[in-house]
Amino acid sequence: MKKFITASILLAISLNAQTLATVNNQEIKVEDVNNFLKSTNQDIDYNKLDNKAKNLTLHQTIEKTLLIQEAQKENLDKTKEFKETLEEFRNSLLVEFFMKNEFSKIEISKNEVENYYNSHLYEFQQDKKLKARHILVENIKTASDIIKELEKSKNKELTFVELASKNSIDGSRDTGGELGWFSKGDMIDEFWDATLKLKPKEFTKEPVKSMFGYHIIFLDEIQEPLTIKLDQVYSNIENQIRMDKFQAVIDERIKNIKKDANIIIK
C-alpha cells in the first residue's frame, strides 16, 4: 500500500513536470497551464480536460507567455508604476493571507451552534403564509359579474386565471392574478382577513373592497406556522458564529497591535 501511494505521488509530480511546449526556449509545463486555469477562475486540472479543451487552454497559456515576454522586452516590469502596483498587490495579498490564517484557527463546537439556535429561536420561526391570486377591478358591478361567471364554471381555477388575465387592472394580470406567498402584514388588512377565511381552491363570494378597488381572491395554498429545524440551518448558524468570532478576534488583534506599535500621526 505504501509503495502504491509513493508511486501515485511520483506519477502526479511527473505529470505536473511534463513539458507541453516551449516558447522562445521557455518551457510550458502542466503546472503552468493549471496556473493559467486558476487565474481564469477555472478550478479544473489540465490532465482532466478533453483533447479539444487541452489544446485551447495550452494555446491560451502560450499567448499569455508571449505577452509576458513582450512586456519584459519593453522593461515594463522595471517601471515605477509597475513596481508600485506590485508592492500594493503584495501588501493586499499579505493582509488576505493573514486574515485567512486567523480565520482557519476559529473553532465552533456543536454546543455553540445548539445554544445559538435555542436562544435565537424566533429567527427560525415562520408565520402562517398564504398563497393566492386575485382579480382587481375598479367597480363593484364588474367584480360581482366576475364572481357570477366563476360560480358557473366547472374548472374554477382555470377560469379564474383567464378572467384575471382579461380583467385585472394591476400587473398581476400578466400571471393570471398570481401573488405568490405572503404573510400577515404583507397585504392590507382587508385583503388578508378575506383570504384567511378561505379554504384552498376557494374564492371570495363577495367583492373585497380596498383603497385600490374591488378584489376577487382565489386561495391556492396554506402554509401553517412552522419552526425550521436545527439540521436545516446548522451550517448557516455555524458560519454566522464563525464570522462573529473572527470579527471579534481581528478587532482584539488590531487593538493589541496598535497598543504595542509606535504610531506617530503628523
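A charge sits over a ring if NZ of Lys or CZ of Arg is within 6 Å of the ring centre and within 35 degrees of the ring normal. I start there, with an example. This is a predicted model, and in it the charged end of Lys54 sits over the ring of Tyr46, 5.5 Å from the ring centre. Another case is Lys205, which lies over the face of Phe203 at 4.3 Å from the ring centre.

Next, the annotated domain. An unreviewed UniProt entry carries the annotation "domain: PpiC" for residues 127-221. That span is 35% helix and 28% strand, and its end C-alpha atoms lie 14 Å apart.

Now the aromatic pairs. There are 5 aromatic pairs in the count. One of them joins Phe103 and Phe246, edge-to-face, with 5.2 Å centre to centre and 80° between the planes. Phe103 belongs to helix α4, residues 80-104, and Phe246 to helix α9, residues 230-260; the two are 143 residues apart, so this pair links distant parts of the chain. How accessible are these two rings? Phe103, at 30% relative accessibility, counts as partly exposed. Phe246, at 11%, counts as buried, because buried means under 20%.

Another pair is Phe182 with Trp192, also edge-to-face, at 6.1 Å centre to centre and 75° between the planes. Phe182 lies in strand β5, residues 178-183, and Trp192 in helix α8, residues 189-196, so the pair ties together parts 10 residues apart in sequence. Are Phe182 and Trp192 buried or exposed? Both Phe182 and Trp192 are buried. With Phe191, they form one aromatic cluster.

Note on methods:
Residues numbered from 1 in each chain as written. Predicted model: local features only at pLDDT ≥ 70, side-chain atom pairs only at ≥ 80, totals over all residues. Heavy atoms only, no water. UniProt positions renumbered as here; feature names shortened; annotations may be inferred. Helix = DSSP H or I, 4+ residues; strand = E, 2+ residues; numbered from the N terminus. Phe/Tyr/Trp six-rings, centres within 6.5 Å; stacked < 30°, edge-to-face > 60°. Buried < 20%, exposed > 50% of the residue type's maximum accessible area, 1.4 Å probe, protein only.
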